[in-house]
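Please read the points alongside the sequence and the model.

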Amino acid sequence: QRVLAQTLHFDLTCPAFLFVFSAMEIQVPPGASLTKEQRTEMAKGFEFLGLMAEGGRARKRKGLPLVVPKVEVPKLLRGCRRAPTAADLKELMSKVPNEGIQLEDFLSLYETAAEKPLLNEYQLFDALRTLDLTKTDTLEPKGLKEILHGFGDAVTFGEVEKILSGLPRDGLGRVKCKDIARKLIKGPSDIPHL
């Protein structure tokens, strides 16, 4: 349930202006570095947030490196499909200067965050199935809301509703675990893709 709550939190805390790296999954094997292609893709997202930051456009005009404010770093990590736990995020954020982070430092921070593996669709489906007491691989939306709202990094009722919106329901109003997992792995539909 904790893994499930963290995944739900990831998908819904990304603001609509962020992006998801759908063209390629940014994976870094333990002890390895980002490839040149990965660095290029991540630089695009970093530049976007750097330009949106206060004084970002002026910094670029002056030829200064862009800086993403510290408060935006968790959003950028989530936009790059990393969903650290609250404890992991606290540890990562302790490495970010109060004035913000530049690209090379962010890439190093990302490599550190990427040492923890992500769930794939089947693993998430399997986690959701454990919540289904009927053994039909479906969940009752009200029960799912209550479980996720009261556990760990609580997910709001509105966030769960956002996840479930648009998913087909069976005759009893239940939603297939497979559909929920697929939607969560895909990420929010209102985020433009690179």
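1. A nonpolar core is a set of buried Ala, Val, Leu, Ile, Met, Phe, Trp, Tyr and Cys residues joined through side-chain atoms within 4.5 Å, where buried means under 20% relative accessible area (1.4 Å probe, protein chains only). The model is predicted: local features need pLDDT of at least 70, side-chain atom pairs count only at pLDDT 80 or more, and totals for chains, interfaces and linings use all residues. Residues are numbered from 1 along each chain as its sequence is written, and side-chain values use heavy atoms, without hydrogens and water.

2. The largest nonpolar core has 24 residues, and Met42, Val73, Leu77, Ile101, Phe106 and Tyr110 have the most contacts inside it. α6 (103-113) is one of the elements that give two or more residues to this core; with 5 residues, α6 gives the most. Another core, of 17 residues, lies apart from it and includes Leu139 and Ile180. Helices here are DSSP runs (H or I, at least four residues), and strands are runs of E (at least two), numbered from the N terminus.

3. Arg174 lies in the loop between α9 (157-164) and β2 (175-176). Is Arg174 buried or exposed? Its relative accessible area is 15%, so Arg174 is buried.

Notes. Buried means under 20% relative accessible area, exposed over 50%, partly exposed in between (1.4 Å probe, protein chains only).
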